[in-house]
Amino acid sequence: MADEKTGTPETGTILVVGGGISGITTALEAAEVGYEVFIVEKNPYLGGRVAQLNKYFPKLCPPTCGLEINFQRIKKNKLVKWFTLTEVEKISGGPGNYDVTLKQSPRHVNGNCTCCGKCGEACDVEVSNTFNFGMDKRKAAYLPHEMSFPQRYVIDPSIIGTASAQKCRDACPYNAVDLEEKAKTFTIKVASIVWATGWNPYDATKMTNLSFGKVGNLITNMMMERLAAVNGPTGGKIVRPSDGKAVNDIAFVQCAGSRDENHLAFCSYICCLASLKQTTYIREANPESKATIYYIDLRTPGRYEKFYKKVKADGNVSFVKGKVAKIEEDPATKDVIVTVEDTLSGKKIQSRHEMVVLATGMEPSTAQVKVPGNAKYDDNGFVVPAEILATGCVKKPSDVMSSGQTATGTALKAIQMVRR
Amino acid sequence: MEKKLGVYICGGCSIGEGLDLEKLSVVATKEYKAPVCKTHQAMCGEEGVALIKSDMEAEGVNTIIIAACSPRVKYDVFDFGPANIVERVNIREQVVWSHDWTKQVKVKSKDAEGKEVVKEETQPNDDTQMLAEDYLRMGIVKAQKTNDVDPYLLENVEKSILVIGGGITGLTAALEAAATGYPVTIVEKAAELGGYAAKQRKQIPTKSPFTSLEPNTIREQIKAASSHPQITVKLSTEIARISGAPGQFAVSFKPAGTKSQWDIPPKKKEEKDAAAPAAEKPAEGEPEEPKELPADQVKCEDILTSDPDAEVFGAVVVAAGGRPADPSQFGHLGYGKFANVVTNTMLEETAAKGKIVRPSDGKAAKSIAFIQSPGLNGDDSDFPYASSVTSMISLKQANYLTEDYSDGKAYIFYKHMRTPGLYENFYKNAQNNPGVFLTRGEVLSVTENADKGLTVEVDNTILGEKVAVNVDMVVLASGMTPETQFEPVINLAYRQGPAFRDLELFDGYADSNYICFPYETRRTGIYTAGNVRQTMTNGECIEDATGAALKAIQCLESTNRGMAVHPRSGDMSFPEFFFQRCTQCKRCTEECPFGALDDDEKGTPKPNPSRCRRCGTCMGACPERIISFKNYHIDMIGSMVKAVNVPDEDEEKYRIIAFVCENDAYPALDMAGLHKLKYSADIRFIPVRCLGSVNTIWIADAMSKGNDGVLLIGCKYGDDYQCHFVKGSELCNRRMDNVAETLGKLRLEPVRVQQVQFSIDEYEKIPEVIGKFVEVIEGVGFNPMKGF
């Protein structure tokens, strides 16, 4: 069966590192041609960043809709095998004949898990919920989210060795909690490798003038996705972190880190559209609400221009061309004061908003964790495809649709490498 | 296969607490005489699975009904191989996790003195039990009605690929497919390969570090394709028609610009009118019936006549590119009036030939104004069909100017510089070029001077003032219109018309509606790439072409295995037709979202199974109910509907049947269960491949059996449709008019049957949606046909 129980594959296999939308797409497109594929994912679930998104632009459709189809494809196709909680430790050999050492961290929950939830009920420890960017807590025995694939609980390693962990184990009627599970290392042979480890939101605290982390009602665009999501920390209510009040006046700060030599020198491709999309979240939730977007250039490639026009036609969304210089908090009201140089009028203006969203950019995951093998990078840390192929946002900033395109093409490149 | 049923009821995950498993077993053993029926506290555990396996071995059980969790989980544990039928009955997420296990009942009794007292007592909830029993009945019936699937195998699946268009996209697709071992034919209507790419001096960077222009590599690609043993090139050639289906497309070629007997005959007028209301709008680009027959009129053969000289291909990549958009609608910019106002395409052609010179007199053009955004009064759109490509093109051409003339000055007037992603690196590099002046502003006018030079007046600049710049030339950063805007290109000999559909959704581009599935088209085996689906840079064309080549290969390999392509990838079932009862109503032909069916002159459908995506919309459309899949058919679902025990009126319980989309609504129901959201136990869900496959007979079955209402839960439709089969949920909705009429005839209230549009992430609304419908049904009361 296509799961972690499967042993070492034959040569001729494609290894896809990263189980987000790019990795899944590359893997499935290759498997549906007829090639064996392994997906390695460091999270306890497949789906990656898109699993955290509330809606896709421009259709405003739920990402889980496409993920469900992709999971169905994975379930039906025995050529796709996957490892969660797994990272690549070492790559040796070359195209056609790689030896790849994988390290799988313990989930502490085995295949017996039925997702009945008893361990979560019994667990008396709460930890920060990383899926929601720390905006709430989750039990230390948890299902990452309801669409998690595999639908299997995880025990947070922080409670291993405590009485709480014992409680989780004792609560499980199916003998699924395995507190003794250890990390395991094993080697697989593959013919081609595709790096698809995606991106991380740029650390907003690095932009000291924007005061992220110091201003209570200042969040990032990815946090906004979680706030708006029905399975997010507030059940989909867009409220201020400081006081839980509904937000009527929101602002978006574009290029928070992107197009900035001191941070991310490139454009992150998606942030303009993400903010345009997020104005629809708040406008839909509250017809009285207002949104302001502070931008340098609005980049709405192709069909996205139509979406921009639609948002622009909404009189309650305004656009100010200018770079935000400073963000502060009004200590009395906890409102957020934005100082921006309006490039059109040339004046410095200050405006007050109930909440502000930083459109933080994409940092390639390889800026932090390099490929443990022979890979090339550009100045910004993106992987330059060579012997080890790369696709999706670890190769260049892109939206979901173009990630799908390049991931499909990368599947062909990977197949060519297997065939040669 | 002789079926031997085994029913396995799991008591784990609270199922045993919420239900009486013994009573549930009785449904299997008494009502359905299942020879084997067992319960276990964890059917998915080693012991449970071993129990099933031992019965398979010892008892010959081959039809396994597992009443436990959702089929979306434990799919691997309960996989007993293709030789056995496994049916999952979801009594966890959709029964015990979403319904109360007990209820408070007032019980009358007599106390010691014989006085009547009323006590509240907690009893097992018989509504929940009845729900589980109905699901088990439906599951058993479904398994009984499931037949073995024999895949549809074409005798000979052709592995060669046709690429339409010999520009950068077509050449890339061809080279990539050939490099993977598949023979390719490129058909190009021009006399040479290369398309617009061949008319470029240099190309926008395609690779890291994306800072500088790259030499134009199209010549190398042309050379590689022309000399590749696996690639055939047909120049000055067009497609007359493509008939057939994936694996066996028959393609008739013709010299470009000529007519051929294999051209698609125009639809007759009456046919068009008759087809239009039922089969949506006529397809884009459908050839108009010529008013007068030209003297050299060639009589076109009917679409079902086969061309003996046609060449056979397995799949098609459409890389037909586009045509430069005409910017003359923006009169204030002087295009068409002044000789030295040109488009970016015109400048590129000049630049490819030599130094940039003025069209009016051939003199060096040392100063050029590039206009990015043509609108006035704050309209910040780029030119139509620009995508984000034109900012890059202007930066590239500004670069040419400073290459050609050390004192060259390029002014770029923009509202937004659109250099997304790593293209920012190229933009930054241009900013360092002392000959390039980037100014944000609105171009008010372009006027011509005595020397044929031009004055460009710009307002709202960053400096806040109006400026006028004198230049030798003005270049309009106009876009590229897709070829599909003008021609069907693919000229399909399909009954639904020769062109792609829904082109109006994307301004004529043959793009996919799906964010997650960018290569999806409504014509199986035919994939689009490059400028035909969005204005793209060379680099984007190359990436897109590679993906399209993969999809083409994947389609013919899937066809070779008798498997469906996306979204039911791997499905080996396909629709079969019982033609003796066909009344030639053509509904299946017209409604199939993928144009899988053609029909002959009488109107009898001609199925093309390898075009089929297995959604079952034809089955839903057929009023004679002659269309079926081996494992999904009218009788199967009808029998499941009939298996529901409808209580008598005096029991005062409502019964509602809900047909739910298995891709979105069904997972949403599972998630509602996971969150333990509670809703009425009066409703029974039947998953369907797509709401498009719901045949109105099932609704009639439900109502005539005494059910009080029917709910259809499917995907959103409209321009931003979410239906994975494009039109399924919309077609279902259209059929509802007929349903309302039928109900009216039966003197039943039309509100008893309703369709709801539902997204997968709306699970928290499940109780509300169901609650509202139950209220409606309670409002109209019991089905008067109950008990008849």
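Which strand of chain B does Thr343(B) lie in? I looked it up: Thr343(B) lies in strand S17. Helices (H or I, at least four residues) and strands (E, at least two) are DSSP runs, numbered from the N terminus.

**Ground rules**

I am working on a predicted model, where local features need pLDDT of at least 70, side-chain atom pairs count only at pLDDT 80 or more, and totals for chains, interfaces and linings use all residues. Residues are numbered from 1 along each chain as its sequence is written, while chains are lettered from A and ligands numbered from 1 in the order in which they are written.

**Entry: Thr343(B)**

I asked why Thr343(B) counts as buried. Thr343(B) counts as buried because it has 20 C-beta neighbours inside 10 Å. The cut-offs are these: a residue is buried if 20 or more other C-beta atoms lie within 10 Å of its own, exposed if 12 or fewer, and partly exposed in between, with C-beta atoms placed from the backbone.

Next I listed its contacts, leaving aside neighbours within four places in sequence. Thr343(B) is in contact with Pro324(B), Pro327(B), Leu476(B) and Ser478(B). Two residues are in contact if their C-beta atoms, placed from the backbone, lie within 7 Å.

I also checked Ala50(B). Thr343(B) and Ala50(B) are 293 residues apart in sequence, and their C-alpha atoms are 73 Å apart in space.

**Entry: the sheet with S17**

I followed S17 into its sheet. Five strands of chain B form an open sheet in the order S17-S24-S18-S19-S20, with parallel pairing. Strand S17 (341-343) and strand S20 (436-440) of chain B are the edge strands, each pairing on one side only. Neighbouring strands of this sheet are turned by 20° against each other on average, direction ignored. Two strands pair if DSSP finds at least two bridges between them.

I picked out one pair. Strand S18 (residues 367-371) and strand S19 (residues 409-414) of chain B pair in the parallel sense over 5 bridges. Ala369(B) stands opposite Tyr411(B) in S19(B).

Which helices lie across these strands? Helix H9 (residues 344-353) of chain B lies across S17 and strand S24 (473-476), running at about 90° to S17(B). Helix H10 (residues 389-404) of chain B lies across S18, S19, S20 and S24, running at about 165° to S19(B). For these angles, axes are lines fitted to C-alpha atoms, for helices over the stretch in contact, and angles run from 0 to 180 degrees between N-to-C directions.

**Entry: a second sheet**

I found another open sheet of 5 strands in chain B, ordered S11-S8-S7-S15-S26 and parallel in its pairing. Its edge strands are S11 (231-234) and S26 (526-528), each pairing on one side only. Strand S8 (residues 184-187) is joined to S11(B) by 4 bridges, and the two run parallel. In S11(B), Thr232(B) is the bridge partner of Thr185(B).

**Entry: strand S1**

Is strand S1 (residues 5-10) mostly covered or mostly uncovered? S1 is mostly covered, with 6 of its 6 residues buried. Leu5(B), Val7(B) and Ile9(B) point one way from S1(B), and Gly6(B), Tyr8(B) and Cys10(B) point the other way.

S1(B) has two parallel partners on my list. Strand S3 (residues 63-68) of chain B is joined to S1(B) by 5 bridges, and there Ile66(B) is the bridge partner of Tyr8(B). Strand S2 (residues 36-40) of chain B is also joined to S1(B) by 5 bridges, and there Cys37(B) stands opposite Val7(B).

**Entry: the whole of chain B**

I stepped back. Chain B has 19 helices and 34 strands. Its C-alpha atoms fill a box of roughly 120 × 65 × 55 Å, taken along the principal axes. Of its 788 residues, 56% count as buried.

I noted the domains: domain 1 (1-108 + 123-148), domain 2 (161-286 + 299-323 + 482-560), domain 3 (328-475), domain 4 (576-628) and domain 5 (632-788). These bounds come from an automatic or database domain assignment. The centres of domain 1 and domain 2 of chain B, taken over C-alpha atoms, are 50 Å apart.

**Entry: where chain B touches chain A**

I finished at the interface. In chain B, 67 residues are in contact with 64 residues of chain A. H12(B) gives the most to this side of chain B, with 11 residues.
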